[in-house]
Amino acid sequence: MGALLSLPLLAVPSVGTLMSFGASCCGAAACSAICNQCGIFKSSMATRIAYAFLLLINSIISWLMLTPWALKKLEHLTLDYVNISCQGKQCYGYVAVQRVNFALGLFHLILSILLLGVKSSRDGRAALQNGYWGPKVIVWLAFVVLTFFIPETFFQVWGQYIALAGAMLFVLLGLILLVDLAHTWAEYCLEKIEENDSRGWRVLLIGSTLGMFTASFAMTIIMYIFFAQSGCAMNQAAITVNLIVLLIITAVSVHPTVQEYNPKAGLAQAAMVSIYCTYLTMSAVSMEPDDRACNPLIRARGTRTASIVLGAIVTMLTIAYTTTRAATQGIALNGNSSHAYNKLGDEDGEHGLVEQQPSSRREMRAEALRAAVEAGSLPANALDDSDDDDDDSDDGRGGKDDERGGTQYNYALFHVIFLLATTWVATLLTQNIDYEATGVAAVGRTYWASWVKIVSSWVCYAIYSWSLLAPVVMPGRFGN
């Protein structure tokens with residue numbers, strides 16, 4: 001990490017800096033290699049973990065560059081021999097954070113363009129996604145260096161307009177995916193209950209629903225006790241609105257009309273949306289400034305560092321979930337699935353038999369397996385097993401390649417989501433910077449960040465409500 005901070009800044013790096021730089025270059029590569037060597041990890045999962053690790057490192061660097069604390073530590077390590085500056089200006093604050101995140105965003109933008117149309121790991125370009133970690137980290141670091149030669153006016157415009165728009169799009173995407181997760185989870189549980197009449201799944205669904213509602217009301221009570229004292233009108237309004245809307249969407253989810261048009265809607269989805277939106281509200285009131293004596297956490301001893309660390313962890317988990325979830329949705333360009341197979345016949349009377357001589361032994365075997373799957377003698381995933389056996393399921397790096405038959409997610413879209421994530425990190429960190437601070441900076445402790453969370457919870461409620469009411473309003477479109 002020291003190398004990443006000092007690379008754009010130190011003209012004469014020390015031996016220790018060079019060693020740290022080498023370790024940094026191997027960080028993402030080592031993460032991917034370790035995951036590939038574990039039997040429970042597959043190539044696609046290892047790759048996603050490695051990119052998430054890279055984003056984590058970039059976010060930590062951005063956070064440290066908010067204040068001169070990290071730079072002073074670097075100067076101290078050089079025995080105050082090197083005075084760190086960027087073209088005679090300070091190398092921390094708003095522009096520095098925008099530079100670092102712009103570099104990683106540009107890195108993902110280029111990868112998204114290069115990986116357009118990749119359907120499987122058989123495509124030579126797939127190696128750009130799953131391999132070449134050393135060169136990719138070096139390219140990323142080179143972009144970081146180059147951004148420090150770009151005039152500050154560019155990043156003023158970038159941060160105020162483009163990055164802000166990207167950040168809002170990222171937040172909106174996260175809310176949509178949260179609502180989608182709520183519906184997917186409930187429908188999955190209901191399918192398991194209907195298929196197997198499983199008592200375990202029924203207990204899980206009912207227990208999780210009650211647990212989430214209980215947690216939502218518990219957080220609401222805590223907020224009223226600690227953050228809604230006299231004179232805290234903003235907190236009182238936010239907490240009350242959240243409670244009222246929570247009760248409304250719960251009632252709507254079980255309304256007879258909604259149940260008629262959407263029988264799978266119910267309390268489980270409402271519970272998940274409620275606990276998430278209540279968490280957003282609680283996070284908003286607990287992270288606001290204490291200029292009105294409405295945030296006792298700031299005045300409490302020992303909670304500042306804990307809240308900063310907790311906030312960073314939650315942010316990274318949210319980014320990782322949003323990225324993974326978005327990359328595997330139906331909006332992916334190829335829509336390939338490792339469990340899909342092509343039927344040999346259709347309803348027009350085709351007999352489904354092999355009519356042409358296969359051109360290779362592999363094709364002959366595949367045709368025979370397709371016929372067996374069509375006849376019901378073998379499960380559909382037998383085709384995937386066959387494909388894996390033929391190719392030894394080897395990605396060339398000692399790991400399992402689970403994308404020989406088709407990518408698990410859309411590569412280009414994956415990097416677009418990461419690009420949006422970098423704009424969100426930059427926007428979150430650069431709102432109302434305290435340039436007088438000398439220690440580590442608190443993340444998101446501004447009224448702007450609090451209002452973003454409060455409004456996000458309202459938008460999430462609105463999206464969920466529309467998912468319930470849309471089949472009622474437009475039955476023709478959602479008839480199936």
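Q: What share of the contacts in the protein with a separation of 6 or more comes from residues 24 or more positions apart?

A: Contact means heavy atoms within 4.5 Å, and in this protein residues 24 or more positions apart account for 76% of the contacts with a separation of 6 or more. This is a predicted model, in which local features need pLDDT of at least 70 and side-chain atom pairs count only at pLDDT 80 or more, while totals for chains, interfaces and linings use all residues. Residues are numbered from 1 along each chain as its sequence is written, and side-chain values use heavy atoms, with hydrogens and water left out.

Q: How many helices and strands does the protein have?

A: Helices (H or I, at least four residues) and strands (E, at least two) are DSSP runs, numbered from the N terminus; the protein has 18 helices and zero strands.

Q: How are two packed helices described, and at what angle do α8 and α9 pack?

A: Two packed helices are described by the angle between their axes and the distance between the axes. Here α8 (residues 152–196) and α9 (residues 199–227) pack at about 150°, with axes 9 Å apart, the axes being lines fitted to C-alpha atoms over the stretch in contact and the angles running from 0 to 180 degrees between N-to-C directions. The two helices are therefore roughly antiparallel (over 145 degrees).

Q: Is S457 buried or exposed?

A: Buried means under 20% relative accessible area, exposed over 50%, and partly exposed in between (1.4 Å probe, protein chains only). S457, in helix α18 (residues 447–473), is buried, with a relative accessible area of 0%. Leaving aside neighbours within four places in sequence, S457 is in contact with C277, L280 and T281.

Note on methods
Parallel < 35°, antiparallel > 145°, perpendicular 65-115°, else oblique.
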